[in-house]
Amino acid sequence: MFIPLHDANSLKYIKVQYVTLSLIALNVIIFALTSIGGDYAEATIIGLGYIPAIIHHLATLPAAYDIVPPNFTYITYAFLHADIFHLGGNMLFLWVFGDNIEDALGHVKFLIFYLLCAAAGAFLHGVILPDSQAPLIGASGAIAGIVAAYLLLHPRVKVWVLAFGRIPLRIPAIYPLVLWVAVQFVMLLWGGDQQVSWPAHVGGIIAGALLTVVLKRRNVPLFDRAIVSPRAVVAEKEPPIQAPETGPVKWGR
């Protein structure tokens with residue numbers, strides 16, 4: 001639907017988005033280690049992926065795949081990816097939008113936020129598909145939470161996106177993000193591509209919206225009510241006001 005490329009939303013409370021960068025690095029490293037193939041990759045996906053039937057005691061995991069306690073997979077699944085495109089798409093969203101959510105929440109709260117959104121995605125997936133024996137993998141639940149948070153905090157910020165993967169546009173974040181969120185709910189209700197866990201996306205969205213209100217810094221407003229960096233929302237530079245002969249030039253907004 002769209003590929004995020006860049007936003008002009010500078011950091012205001014932190015100097016470096018350490019958690020965002022660490023999450024990206026960790027996901028890439030784990031993908032590199034688990035993409036070797038063969039029995040090792042299969043054991044990792046089955047042992048660390050979220051399997052609703054195992055969680056709900058409707059199936060038993062073979063001993064060879066019993067890597068962590070089942071409840072741990074509410075988190076571990078979010079660090080596994082099926083292929084480079086699955087990984088790349090999630091990490092691109094995290095790169096573009098994650099730093100500003102980390103800025104608004106703080107490092108520790110952002111990490112908690114990310115993990116809880118991932119867990120919420122797995123939870124709703126398990127509620128809707130309780131007897132599924134297919135492993136759920138991918139950071140999409142956590143990324144969906146970040147999208148919801150960005151929509152609540154910075155809907156007016158201009159973002160560069162590739163619409164339909166090929167048309168570059170610079171538009172307010174509210175348009176692509178609202179569309180993306182709406183599609184997740186529609187696909188969940190209508191039963192879209194079964195290879196995609198729409199419940200995990202929706203679970204992450206709901207958790208992200210609720211947690212943003214609870215975890216954000218007290219002085220961080222919702223809906224861009226106080227824009228700190230005007231360049232993020234102004235498409236073009238306004239023309240200068242002509243100076244009077246007796247005074248200096250002033251810039252107004």
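Tutor: Helices (H or I, at least four residues) and strands (E, at least two) are DSSP runs, numbered from the N terminus.

Student: What should I know about the model before I start?

Tutor: This is a predicted model, in which local features need pLDDT of at least 70 and side-chain atom pairs count only at pLDDT 80 or more, while totals for chains, interfaces and linings use all residues. Residues are numbered from 1 along each chain as its sequence is written, and side-chain values use heavy atoms, with hydrogens and water left out.

Student: How many helices and strands are there, and in what order do the elements run?

Tutor: The protein chain has 9 helices and 3 strands. From the N terminus the order is β-α-α-α-α-α-α-α-β-β-α-α.

Student: What makes I167 partly exposed?

Tutor: Buried means under 20% relative accessible area, exposed means over 50%, and partly exposed lies in between (1.4 Å probe, protein chains only). I167 has 41%, so it counts as partly exposed.

Student: Which residues does I167 contact beyond its sequence neighbours?

Tutor: Contact means heavy atoms within 4.5 Å. Leaving aside neighbours within four places, I167 contacts V161 and L162. I3 is 164 residues away from I167 in sequence, yet their C-alpha atoms are 9.7 Å apart.

Student: Why is L80 called buried?

Tutor: Its relative accessible area is 3%, so L80 is buried. L80 lies in the loop between α4 (73-76) and α5. Beyond four places in sequence, L80 touches I30, T34, T44, I45, L48, G49, I137 and G138. I30 and L80 are 50 residues apart in sequence, with C-alpha atoms 7.0 Å apart.

Student: What share of the chain is buried?

Tutor: Of its 253 residues, 47% are buried. As for contacts between residues at least 6 apart in sequence, 76% join residues at least 24 apart.

Student: What makes a group of residues a nonpolar core?

Tutor: The members must be buried Ala, Val, Leu, Ile, Met, Phe, Trp, Tyr or Cys, joined through side-chain atoms within 4.5 Å. The largest core here has 55 residues, and L94, I101, F110, F113, Y114 and I146 touch the most other members. Two or more residues come from each of α1 (18-34), α5 (84-105), α6 (107-128), α7 (140-153), β2 (158-163), α8 (174-190) and α9 (198-215). The top contributor is α7, with 11 residues. In soluble globular proteins, nonpolar side chains tend to be buried together.

Student: What does F113 contact beyond four places in sequence?

Tutor: F113 is in contact with I101, L105, G145, I146, A149, G208, L211, T212 and L215.

Student: What makes a space a pocket?

Tutor: On a 1 Å grid over the protein atoms alone, a pocket is an open set of points where a 1.4 Å probe fits, with protein on both sides within 12 Å along at least five of seven lines. Lining residues have an atom within 4 Å of a point. The largest pocket holds about 1,100 Å³ of space. Its lining has 46 residues, with S140, Q195, V196, S197 and H201 nearest the centre. The largest share, 7 residues, is from α5.

Student: Why is S140 called buried?

Tutor: S140 has a relative accessible area of 16%, so it is buried. S140 belongs to helix α7. Beyond four places in sequence, it touches H86, N90 and H201.

Student: How confident is the predictor?

Tutor: pLDDT is the predictor's confidence in each residue, from 0 to 100. The chain's mean pLDDT is 89, and 87% of its residues reach 70 or more. Residues 235-241 fall below 50, and this stretch has 10 contacts in the model beyond near neighbours in sequence. Residues 243-253 also stay under 50. Where pLDDT is low, the predicted coordinates should not be read in detail.

Note on methods. Points joined across faces, edges and corners; volume = space filled by probe spheres on them.
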